[in-house]
Amino acid sequence: MQDRFAATASRTETEVLKFDKDTSWKFLKTMSGIDAYYMKSPHFNGNMYKFSCVIDAPHDIVYEVLKPPKVASERMAWDKSIGNYERLETFSEELSISMITSKAVMMGMISAREFLDVFLFKTITGFEAKHWVFAESVEHEKYPPKSGIVRAHTYPSGYSATPVEGTNPQTKVEFFINIDPSGMLPRSLVESALPAQQVKYIQGLKAEVFRRFK
């Protein structure tokens, strides 16, 4: 079973690295100092997004906050953009499966969703070192969809933390979000809600990084 999830994670890595090099991203807008871009997803009928910003903190601290933790309380203490988080299985220090439940948004017009995702943590070196978290939804016989909640789908997605050269420690973070919330939702509603929800997550991430750094 671990081999199956490792193979999925490896394919996810390959696809996300292509997104990272793609030059066809279209600028959407800047929200709270976070630049947002979009392009048509190759996996479903909708857009995927890229979010980019610089955090005034060392990359190792940023990366530790980016990585989904082993202990649920560590994530829930700062991430107010989600309703619940649980690490379900740990295969190695680099590979794990977690369940994340979103909150209802837009005054309940989009109900809570759950995501069963495999995560791969990897540092890729070259001209510059990029510390990655790759993610994609999987199916697992031990964790079938629950009654009353929509099982959404994370297509190949990823977060990266890259050190910025300079006197003061800074980290460039980029988020490649390729999510289909599933269910009978108008695309216009999804395209309006998803960027705002991701910005809320990044704001919480920044606050937690600053708390640990200072």
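The buried residues of helix H2 are covered by, among others, strands S3, S6, S7, S10 and S11 and helix H4. Contact here means heavy atoms within 4.5 Å, and buried means under 20% relative accessible area, with exposed over 50% and partly exposed in between (1.4 Å probe, protein chains only). Helices (H or I, at least four residues) and strands (E, at least two) are DSSP runs numbered from the N terminus.

Before going on, a word on where this comes from. This is a predicted model, in which local features need pLDDT of at least 70 and side-chain atom pairs count only at pLDDT 80 or more, while totals for chains, interfaces and linings use all residues. Residues are numbered from 1 along each chain as its sequence is written, and side-chain values use heavy atoms, with hydrogens and water left out.

Back to H2. Which of its residues are buried? They are Ile 61, Val 62, Tyr 63, Val 65 and Leu 66.

Now look at how H2 sits against H4. Helix H2 covers residues 59-66 and helix H4 covers 187-213, and the two pack at an angle of about 130 degrees, with axes 10 Å apart. Because of that angle, H2 is oblique to H4. For angles, under 35 degrees counts as roughly parallel, over 145 as roughly antiparallel, 65 to 115 as roughly perpendicular, and the rest as oblique. The axes are lines fitted to C-alpha atoms, for helices over the stretch in contact, and the angles run from 0 to 180 degrees between N-to-C directions.

Who meets whom there? From H2 come Ile 61, Val 62, Glu 64, Val 65 and Leu 66, and they meet Tyr 201, Leu 205, Glu 208, Val 209, Arg 212 and Phe 213 in H4. Sorted by type, the residues of this contact are eight nonpolar, no polar and three charged. (Ala, Val, Leu, Ile, Met, Phe, Trp, Tyr, Cys and Pro count as nonpolar, Asp, Glu, Lys and Arg as charged, and the others, Gly among them, as polar.)

Next, go back to helix H1, residues 2-21. H1 has 20 residues and reaches 29 Å from its first C-alpha to its last, close to the 28 Å expected at 1.5 Å a residue; that expected span is 1.5 Å times one less than the number of residues. Its buried residues are Phe 5, Thr 8, Ala 9, Thr 12, Glu 13, Val 16, Leu 17 and Phe 19. An α-helix has 3.6 residues a turn, so residues three or four places apart point the same way. Among the elements covering the buried residues of H1 are strands S3 (47-55), S5 (95-102) and S6 (113-124).

Take Val 16 as one example from H1. Val 16 counts as buried because its relative accessibility is 0%. Leaving aside neighbours within four places in sequence, Val 16 is in contact with Trp 132, Phe 134, Pro 156, Ser 157, Gly 158 and Phe 176.

Ser 102 belongs to strand S5. With a relative accessible area of 18%, Ser 102 is buried too. Not counting residues up to four places away in sequence, Ser 102 touches Ile 82, Gly 83, Ala 112, Arg 113 and Phe 115. Ser 102 and Asn 84 are 18 residues apart in sequence but 6.9 Å apart in space, C-alpha to C-alpha.

Ser 32 sits in the loop between strands S1 (26-31) and S2 (34-40), and its phi is near 55 degrees, a positive value in a residue other than glycine.
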